[in-house]
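Let's take a walk through this structure together, one stop at a time. Keep the picture open as you read.

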Amino acid sequence: MTDARFYRRHHFPPEVIAYAVWLYFRFPLSLRMVEDLLAERGITLSHQTVRAWVEKFGREFATTIRRRSAGKLGDKWHLGEVVVSIRGRKHWLWRAVDQEGFVLEVLVQARRDRRAALRLMRKLLTRQGHPPRVLITDKLRSYPAARRAIMPGVEQRSHKGLNNRAENSHQPIRKRERIMKRFKSPRYMQRFVSIHDPIANLFHLPRHEMTSAEVRELRTAAIDAWRDIANLRAA
């Protein structure tokens, strides 16, 4: 739970701040779109205020979500990378998700080689605290080279058709990239995905083999968890 004192010296109430942050990271919206949605509800502020909120409070909320989920995510890791263009230069967005599609780690790097794969795997091991049961990757040779260096006993399966979890996980960021007309710097993109993905995890509902009632129950639980994390009073 976010400390209530975190909202001190802010003109708007916590409910408005948390709602703006939720809108921005939950849906592919620009800052100005969030400004317009709030204006429709009679809340007048600038998109620069929204920017300040999503950077300050979004980081705090994401940290709390990561702390709560530590050790609770899956043991089957899907690793993938996708190219992104930042100011005319190629960068790579490296991502790891578990078997249910929850994001484990994401890194923006200028390389697509063994060193970059090693960095991703080291961060994964540090964050998760244990190696995976199995590693699923595409055919990039950097993955087996990195795996042999730091977790040689882990089984690796390399096949494009097996790695749809990682490939599909890139799609929300692709949508946001279009809305934002590309990311302006690797540092900003890393900051954005580091906040976006934990919040997306909280509202991620693995819908396969679930009834409508179960989906509604999980969605309600996610909303309740968000309100608790944001330190909002019960309605």
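Lys181 sits in the loop between α7 (171-179) and α8. The model here is a predicted one, and in it the phi of Lys181 comes out near 55 degrees, a positive value even though the residue is not a glycine. That's worth a second look, since most residues other than glycine have a negative phi. Is Lys181 buried or exposed? Its relative accessibility is 71%, and the cut-off for exposed is over 50%, so Lys181 counts as exposed.

Asn231 isn't a glycine either, yet its phi is positive, at about 60 degrees. You'll find Asn231 in the segment after α9 (212-229). With 24% relative accessibility, Asn231 counts as partly exposed.

Now back to α8, and to the helix it meets. The axes of α3 (residues 47-69) and α8 (residues 186-202) come within 9 Å and cross at roughly 50 degrees. The two helices are therefore oblique to each other, and the crossing of α3 past α8 is left-handed. Which residues make the contact? On the α3 side they are Val54, Glu55, Gly58, Arg59, Ala62, Ile65 and Arg66, and on the α8 side Tyr188, Arg191, Ser194, Ile195, Pro198, Ile199 and Leu202. Sort these residues by kind and you get 8 nonpolar, 2 polar and 4 charged. As you follow such a list along a helix, keep in mind that an α-helix has 3.6 residues a turn, so residues three or four places apart point the same way.

Helix α3 has another partner to show you. Helix α1 (residues 14-26) and α3 have axes that come within 10 Å and cross at roughly 85 degrees, so α1 and α3 are roughly perpendicular to each other. From α1, the contact uses Val16, Ile17, Ala18, Ala20, Val21, Tyr24 and Phe25. From α3, it uses Trp53, Val54, Phe57, Gly58 and Phe61. What kinds of residues are these? They divide into 11 nonpolar, 1 polar and no charged.

While you're at α1, stop at Trp22, which has its place in that helix. Setting aside neighbours within four places in sequence, Trp22 is in contact with Phe27, Phe203 and Trp226. How far apart in space are Trp22 and Ala230? They are 208 residues apart in sequence, but their C-alpha atoms are 9.9 Å apart.

Next up is helix α4 (residues 114-128). Several of its residues are buried: Ala116, Ala117, Leu118, Leu120, Met121, Leu124 and Gln128. What do they pack against? The buried residues of α4 pack against the strands β1 (76-86), β2 (89-97), β3 (103-109) and β4 (134-137), and also against helix α5 (142-150).

That brings us to one of those strands for a last stop. Leu79 lies in β1, and at 0% relative accessibility it counts as buried. Leu79 and Val97 are 18 residues apart in sequence, while in space they are 6.7 Å apart, C-alpha to C-alpha.

Terms used
Residues numbered from 1 in each chain as written. Predicted model: local features only at pLDDT ≥ 70, side-chain atom pairs only at ≥ 80, totals over all residues. Heavy atoms only, no water. Axes fitted to C-alpha atoms, helices over the stretch in contact; angles between N-to-C directions. Helix = DSSP H or I, 4+ residues; strand = E, 2+ residues; numbered from the N terminus. Parallel < 35°, antiparallel > 145°, perpendicular 65-115°, else oblique. Left-handed = near helix turned anticlockwise from the far one by under 90°. Contact = heavy atoms within 4.5 Å. Nonpolar A, V, L, I, M, F, W, Y, C, P; charged D, E, K, R; others polar. Buried < 20%, exposed > 50% of the residue type's maximum accessible area, 1.4 Å probe, protein only.
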